[in-house]
Number of protein chains: 2
Amino acid sequence: MKERQEAIKRYIERKSDVTLAELTREFSDWSEMTIRRDLEFLEQRRFLIRTKRGARIMPTSYEVSVGMYGEREKRNCDLKQEIAAKAAALVETDISMYLDAGSTAMMLARELPDRNLIITTSAPNIGIEIVLKKKNPTVILLGGTLQRKTISTCGLNVLDQLKTLNIDTAFVCASGYTDATGFSVGGQHECVLKRAIIASARRVIMLMDSSKLNSILPFTFAQLSDIDTIVTDSKAPESIKAAFRAAGVHVL
Amino acid sequence: MKERQEAIKRYIERKSDVTLAELTREFSDWSEMTIRRDLEFLEQRRFLIRTKRGARIMPTSYEVSVGMYGEREKRNCDLKQEIAAKAAALVETDISMYLDAGSTAMMLARELPDRNLIITTSAPNIGIEIVLKKKNPTVILLGGTLQRKTISTCGLNVLDQLKTLNIDTAFVCASGYTDATGFSVGGQHECVLKRAIIASARRVIMLMDSSKLNSILPFTFAQLSDIDTIVTDSKAPESIKAAFRAAGVHVL
DNA sequence: ACAACTTTTGTGAATAATTGACATGGTCAT
DNA sequence: ATGACCATGTCAATTATTCACAAAAGTTGT
């Protein structure tokens, strides 16, 4: 496969859905026809499917998440992308890591290096994404009841499952944070799971885009003292970042 | 949503990928323009995406499986569809059932009634499919290592997980069968899982299309005496069906 | 280094698909 | 019955896609 085709593939993987016009703008060194042919090529290898109106998307479990919470996936896409890229840089080889459910975690999954990793997750769609796209990581799915809203599992016996699993680094997502309430989420089950993960992981890295700062959700699962690092985006107010640092948390 | 739109949706859900020409032929009572408008309508509700060349597909976890073992999903599609429809008729309300991994099981998942069911499965893509498309069933995913080839989990502690789970009816797929060797599959892990399921379920229903009869795979997981019912397609030779019946197995 | 050949890319015409404006016919409340 | 409203169909205008071929770039053997 050519350099250009790889680039187009990567571009579409990021954007998920692009128009031909967009691509010809992006890859203006080549003609529309060439890009068309590349798309045909990529379609044959099942990397994407061509849609009408020049637009096309690539179909994997991405669609699974989009299918349900649709717009949310795209909202703040750039912020999440930034966070995912920064977080991926923290991943070492041969690490045993936990990856949370959620769209930010999905983006991190895509940015992950294709190396020997043990990735435990409660999000089956993220697990599938990794297994389909990368050759080297081992994915361990936590079992339990599959939640409709979050597409993540939660089981009464999560604790048992975690008992024999030694997680080095846990990447955890939060839906809200305030100084007073700590990190919170909307679901009770998620809350229990995150707590268990945080308790057992050696290092906890929180992923949270700036839109979630200063909002409160029903269930608090962690305080600043529970985490080691927080990865956020460039729009996060300096004041909050300073407060994080003051609490001894690394901020990226 | 209109009757016709529902029908188009169902049709596309079955075929996964159709051309406009195909649809106008199928729904010849209406004009192309109407069908076009319906597709636009359905696209807006995220039931499908429109592709070029009039062709369109609907994107959910279907893609997940196709993405990987591609052609296999489509091979013998009609046979598997027939089996899935017959098997779905065996599902009662409020049942606790197990659904195996595999393309036949995926089709059964699509045919399942949207009722109160507890569905345990080792195939996360099937679980997601159910949860996204149906409102009522509860899906329980078995945890474990996610296998790249089969997109199913297998864990050392499956037995523990099954211990607290009472499965009434298990729908199990086999990749091969001969009188001498019984039901067999290609993977050792699958084999162990299937055995455990069969041992714990009250009723075992085997799903196997006729192309798999008289073929042998490395690992045998069951004999005729272990199962209650076998669902196969109309191309299955009468002689084998007779042998099944002679062994006290119901054949559908 | 050169010619012969293959592969890739660009161009524009030919073809096909999609859209949009408008006409028709049906339903329903007034 | 009348007009508003909706679903549907028709056809023309627009736009996208393909096809055929030429130009350019890269490959190979001498």
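Predicted model: local features only at pLDDT ≥ 70, side-chain atom pairs only at ≥ 80, totals over all residues.

Student: Now the sheets. In what order do the nine strands of the open sheet come?

Tutor: Follow them as β15(A)-β14(A)-β12(A)-β9(A)-β4(A)-β5(A)-β6(A)-β7(B)-β8(B), with mixed pairing. Notice that the list contains strands of chain A and of chain B.

Student: Which strands stand at the edges of that sheet?

Tutor: They are β15 (250-251) of chain A and β8 (153-154) of chain B. Each has a single partner strand, so one side of each has no neighbour in the sheet.

Student: How many bridges join β4 and β5 of chain A?

Tutor: There are four bridges between β4 (residues 96-99) and β5 (residues 118-121) of chain A, and the two strands pair in the parallel sense. To find one of the bridges, look for A:Ser96, whose partner in β5(A) is A:Ile118.

Student: And what about the sheet with three strands in chain B?

Tutor: That open sheet of chain B has the order β10-β11-β13, and its pairing is antiparallel. On average, neighbouring strands here are turned by 40 degrees against each other, direction ignored. Helix α9 (residues 188-200) of chain B packs on this sheet and touches β11 and β13 of chain B, with its direction at about 10 degrees to that of β13(B).

Student: What do β10(A) and β11(A) form?

Tutor: They form a hairpin, with three residues between the two strands. Three bridges join β10 (residues 176-178) and β11 (residues 182-185) of chain A, which run antiparallel. Within this pair, A:Gly176 stands opposite A:Ser184. β11(A) is also joined by three bridges to β13 (residues 219-222) of chain A, again antiparallel, and there A:Phe183 faces A:Ala222.

Student: How do I describe two helices that pack together?

Tutor: The description uses the angle between the axes of the two packed helices and the distance between those axes. Take α6 (residues 103-111) and α7 (residues 124-133) of chain A: the angle is about 15 degrees and the axes are 9 Å apart. That makes α6(A) roughly parallel to α7(A). Their crossing is right-handed. From α6(A), the contact uses A:Ala105, A:Met106, A:Ala109 and A:Arg110, while α7(A) brings A:Ile126, A:Glu129 and A:Ile130. By class, these are five nonpolar, no polar and two charged residues.

Student: At what angle do α7(A) and α7(B) pack?

Tutor: They pack at about 135 degrees, with their axes 9 Å apart. The two helices are therefore oblique to each other. The crossing is left-handed. Here the contact is made by A:Pro124, A:Asn125, A:Gly127 and A:Ile128 of α7(A), together with B:Pro124, B:Asn125, B:Gly127 and B:Ile128 of α7(B). This contact has four nonpolar, four polar and no charged residues.

Definitions and conventions
Residues numbered from 1 in each chain as written. Chains lettered and ligands numbered in written order. Axes fitted to C-alpha atoms, helices over the stretch in contact; angles between N-to-C directions. Parallel < 35°, antiparallel > 145°, perpendicular 65-115°, else oblique. Left-handed = near helix turned anticlockwise from the far one by under 90°. Contact = placed C-beta atoms within 7 Å. Nonpolar A, V, L, I, M, F, W, Y, C, P; charged D, E, K, R; others polar. Pairing = 2+ DSSP bridges.
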